[in-house]
Amino acid sequence: MAAMLAGCGVATASPHANSPIPSEPTLINYVDPSMVQGLSTRSLNAGEARGRRVHATYPAIADAPRLTEKLRKTVTRSLNRFTWHDVPANALPNPEFNVDWQLAAASPEVLGVRLRIGQSMGSGWSESRTTVWYDRASRRALESPGLLRDVAALTTLAGIVRSELALRGPLVNPNALRPEPSMFDSIGFNPRGDLVVEFDDKQVGLGVAGRVAVAVPSATATPLLSATGLRAQRASVRTATLTSQEDMLAASMDKPVAHSSMAGTVDCAKARCVALTYEDGPGPETGRLLDILGAYKARATFFSLGSNASARPELLRRMRDEGHLVANHTWSHRDLSALPSAMLVDQLTRAQHAITQAIGQVPTLMRPPYGVTDEQVASVSRRLGMSVVRWSVDAEDKRDSDPRAIARRTVARVKPGSIVLMRDFHHATVDAAPAILRELTAKGYTFVTVPELYGPRAMEPGRTYDSGTMPDVLEKQSLS
């Protein structure tokens, strides 16, 4: 039996198909979501709730509606608890709520979705972990304790895990563990079929312990499993693969930089140019938006989340093929200014890897979630070869469900050189697109990608750009 104390403890998809199974038994090898037919992503709120930074996504699978609904309710319940908390006015860092997900298993028999729910109320970041399972045979969505045979099996498992935790030392309190379903809400399997139990931060350990997880060998765990648990175990047994930050960066070395295939066809020093940008996708509305943009022969810049890009790579390829520009919006929409350097790098490199794998090009632009940047964000972006892009016009579509209001507000605020912030996750935003395109076209605007606003002079890595009307940019354009 083995256990682990770590901040991550997960494996991700890798090009190295024959990599050996890692020695750390609590590592979980997640499934590439693009391999699951009918999978798309959903977002509860990609903006702010009561002045707090909120981003929560989860997968939706066409032939498993009960799983999708179970995930929606789980995320909604956590978000409601977050918004009920009182926080000091002007708390720094800002209160933040973030949910991302991975597929713990996927087979014709079973699906497993691991939710990682993180939050900060202005002092310290904490994470909880919940894994929800779907049995395709019975068409039931189950919480993790449903993988166990019965209450007696849960009691036996709790005793095994408590004995292992007792060996940990002062960072872990085994007496905090009770044989209650709520304490076993994240159960999965490693590639060898060993059962892995992971706990929320501070649930059985001090905050500095990070992720606490215990692996129970397959031979010990199998007799405790229900029929669904046995299906989940079978689905999880496969070759483990790992990707380091170095692997992700190396995979991009021989790829061309991302660019619009239509770049260079418009001179924005002479034309009235505007850059429409969409972020937080791709999502369920992105395909419809691409149809609309195509009908108006307009191109845009899409700041894609890495987690969504990995689920819907075909939409990123369509963006590339239709003359749009794909850029980096981090992996899971964390406030980068609140992260230590290593986590900041991970957010950007994981997204960079997912996008590059999808389109065969390396993004050179990034947009920080919530538009928040600082010296460290600029420094890391410079090192990774990316310019920082914010905006000069906010469509405010995150708080508005009226397409007419979104269109009216956007058109009224646009000026030559504007960078417009919108979100392709929202139905109302996409509904507003025809009016925005029609009315701005009537005003003589041409729709270009962000780099085209700045003419032949390349955007500089690490520099922040808010619009094409920045004084020094206008001066450079007048001299060119």
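In the predicted model, Ser186 lies in the loop that runs between helix α2 and strand β11, the latter covering residues 187-189. Ser186 is buried, because its relative accessible area of 1% falls under the 20% limit. The side chain of Ser186 forms a polar contact of 2.9 Å with the side chain of Thr131. Leaving out residues up to four places away in sequence, Ser186 touches Arg129, Thr130, Thr131, Ser144, Val196, Val197 and Glu198.

Strand β12, residues 195-199, contains Leu195. With a relative accessible area of 1%, Leu195 is also a buried residue. Beyond its neighbours within four places in sequence, Leu195 is in contact with Leu148, Leu157, Ile187, Gly188, Phe189, Val214, Ala215, Val216, Ala221 and Leu225. The C-alpha atoms of Leu195 and Thr220 lie 8.9 Å apart, although 25 residues separate the two in sequence.

Leu157, one of the contacts of Leu195, is among the buried residues of helix α2. This helix comprises the 15 residues 151-165, which should span 21 Å at 1.5 Å a residue; the C-alpha atoms at its ends are 21 Å apart, in agreement with that value. The buried residues of α2 are Ala153, Leu154, Leu157, Ala158, Ile160, Val161, Glu164 and Leu165. Viewed down the helix axis, these buried residues fall within an arc of 165°, so they line one face of α2. An α-helix has 3.6 residues a turn, so residues three or four places apart point the same way. At the start of α2, a side-chain oxygen of Asp150 comes to within 3.2 Å of the backbone nitrogen of Ala152.

Gly360 follows α9 and has a positive phi, near 70°.

In helix α1, which covers residues 65-84, Thr83 was considered. Thr83 has a relative accessibility of 12% and counts as buried, because this value is under 20%. A polar atom of the Thr83 side chain lies 3.0 Å from the backbone oxygen of Asn80.

Thr373 is located in the loop between β17 (365-366) and α10 (375-383). Its relative accessible area is 23%, so Thr373 is classed as partly exposed, a class that lies between 20% and 50%. Not counting residues up to four places away in sequence, Thr373 touches Pro368, Ala378, Val388, Arg390 and Thr464. Thr373 and Asp335 are 38 residues apart along the chain, and their C-alpha atoms are separated by 8.7 Å.

Several backbone features occur in loops. The loop between β14 (272-279) and α6 (286-295) holds Pro282, and the peptide bond leading from Gly281 to Pro282 is cis, with omega near 0°. Asp280 belongs to the loop between β14 and α6. Asp280 is not a glycine, yet its phi is positive, near 85°. At 0% relative accessibility, Asp280 counts as buried. His333, in the loop between β16 (325-328) and α9, likewise has a positive phi, of about 70°, without being a glycine. His333 counts as buried, with a relative accessibility of 1%.

For the chain as a whole, the secondary structure comes to 13 helices and 22 strands. Of the 480 residues, 58% are buried. The chain exposes about 19,300 Å², of which carbon and sulfur atoms supply 53%. Among contacts between residues at least 6 apart in sequence, 71% join residues at least 24 apart.

The average pLDDT of the chain is 89, and 86% of the residues score at least 70. Over residues 1-22 the pLDDT stays under 50, and the model gives this stretch 71 contacts beyond four places in sequence. The pLDDT is also below 50 over residues 471-480, where the model has twelve contacts beyond near neighbours in sequence.

Methods: Residues numbered from 1 in each chain as written. Predicted model: local features only at pLDDT ≥ 70, side-chain atom pairs only at ≥ 80, totals over all residues. Heavy atoms only, no water. pLDDT = per-residue confidence, 0-100. Contact = heavy atoms within 4.5 Å. Helix = DSSP H or I, 4+ residues; strand = E, 2+ residues; numbered from the N terminus. Buried < 20%, exposed > 50% of the residue type's maximum accessible area, 1.4 Å probe, protein only. Areas by Shrake-Rupley, 256 points an atom, 1.4 Å probe, with all protein chains shown as cover. Expected span 1.5 Å × (residues − 1). Arc of directions from axis to C-beta. Polar contact = N/O pair within 3.5 Å; in protein donor to acceptor, adjacent residues only side chain to side chain.
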